[in-house]
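Subject: Handover of a protein structure

Dear colleague,

Please find below the structure that I am handing over to you.

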Amino acid sequence: MHPQKFVLVALLGLSSVTVAAPASGFLSPAQLQAALTARARGQQTFTLINVHIPYEGRIAGTDLLLPYDTIGQNKKLPANKKAALILYCRSGNMSAQARSTLNQLGYTNVRELQGGFDAWKDAGYPLK
């Protein structure tokens, strides 16, 4: 198979990745919307965390607002280090730093909204 076609096939396969499979580490806006819908139906469990500072809005369904630079010191994080966590910020930089901190603390199921809430808005989803 031609290398470029393989990459396209591999990328197309990512569209079916769910929150329960943390391998990629990222969710697209559409995947996060689907996960939020599934969670509202009781089909998925995760904690959605806005790590952006200063506060510029949030995605409906956000569970916690925790600054990326102090996330490791926060007592609101789940005690279960295997709990599914999804982080987002405005563009991805702060969520990447928060994810690194959480991984260092032993959290093993941490994902990020790829492109942050800028990508969320660009995909046509509202920000509160």
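Two strands are said to pair if DSSP finds at least two bridges between them. By that rule, strand 2 (residues 47-50) pairs with strand 4, since 4 bridges join the two, and they run parallel. Please note that the model is a predicted one.

Overall organisation

The protein holds 4 helices and 5 strands. Read from the N terminus, its elements follow the order α-β-α-β-β-β-α-β-α. Of the 128 residues, 38% are buried. The accessible surface amounts to about 7200 Å², and carbon and sulfur atoms account for 56% of that area. Among contacts with a separation of 6 or more, 65% are between residues 24 or more positions apart.

The 5 strands make up an open sheet in the order 1-5-4-2-3, with parallel pairing. Strand 1 and strand 3 (64-65) are the edge strands, each of them pairing on one side only.

Towards strand 5 (residues 110-113), strand 4 pairs in the parallel sense over 3 bridges. Here Leu85 stands opposite Val110, and the chain passes from strand 4 through helix 3 (residues 93-104) to strand 5 in a right-handed β-α-β crossover. Ile86, in turn, stands opposite Arg111 of strand 5.

Strand 5 is likewise covered on both faces: Val110 and Glu112 on one side, and Arg111 and Leu113 on the other, are all buried. Strand 5 also pairs with strand 1 in the parallel sense, over 2 bridges. In that pairing Phe26 stands opposite Glu112, and Leu27 stands opposite Leu113.

Helix 2

Does the length of helix 2 agree or disagree with what its residues should span? Helix 2 (residues 29-40) has 12 residues, which at 1.5 Å a residue should span 16 Å; its end C-alpha atoms are 16 Å apart, so the two agree. The buried residues of this helix are Pro29, Gln31, Leu32, Ala35, Leu36, Ala38 and Arg39. The buried residues of helix 2 pack against strand 1 (26-27), strand 2, strand 4, strand 5 and helix 4 (116-122). Just after helix 2, Gly42 adopts a positive phi of about 80°.

The nonpolar cores

Which residues have the most contacts inside the largest nonpolar core? This core has 14 residues, and those in question are Ile49, Val51, Ile71, Leu77, Leu87 and Leu102. Strand 4 and helix 3 each supply at least two residues of the core. Helix 3 gives the most, with 3 residues. Apart from this core lies another, of 13 residues, among them Leu32, Ala35, Ile86 and Phe117.

Ile49 deserves a separate word. Setting aside neighbours within four places in sequence, Ile49 is in contact with Leu64, Leu66, Ile71, Leu77, Leu85, Ile86, Leu87 and Tyr88.

Phe117

Phe117 has its place in helix 4. Is Phe117 buried or exposed? Its relative accessibility is 1%, and because buried means under 20%, Phe117 counts as buried. Leaving out neighbours within four places in sequence, Phe117 is in contact with His52, Glu56, Gly57, Tyr88, Cys89, Arg90 and Leu127. One of these, His52, is 65 residues from Phe117 in sequence, while the C-alpha atoms of the two are 9.6 Å apart in space.

With kind regards

Key. Residues are numbered from 1 along each chain as its sequence is written. This is a predicted model: local features need pLDDT of at least 70, side-chain atom pairs count only at pLDDT 80 or more; totals for chains, interfaces and linings use all residues. Side-chain values use heavy atoms; hydrogens and water are left out. A crossover is right-handed if, with the strands pointing away from the viewer, the path from the first strand over the helix to the second runs clockwise. The expected span of a helix is 1.5 Å times one less than its number of residues. Buried means under 20% relative accessible area, exposed over 50%, partly exposed in between (1.4 Å probe, protein chains only). Contact means heavy atoms within 4.5 Å. Accessible areas come from the Shrake-Rupley method with a 1.4 Å probe; for residues, only the protein chains shown count as cover. A nonpolar core is a set of buried Ala, Val, Leu, Ile, Met, Phe, Trp, Tyr and Cys residues joined through side-chain atoms within 4.5 Å.
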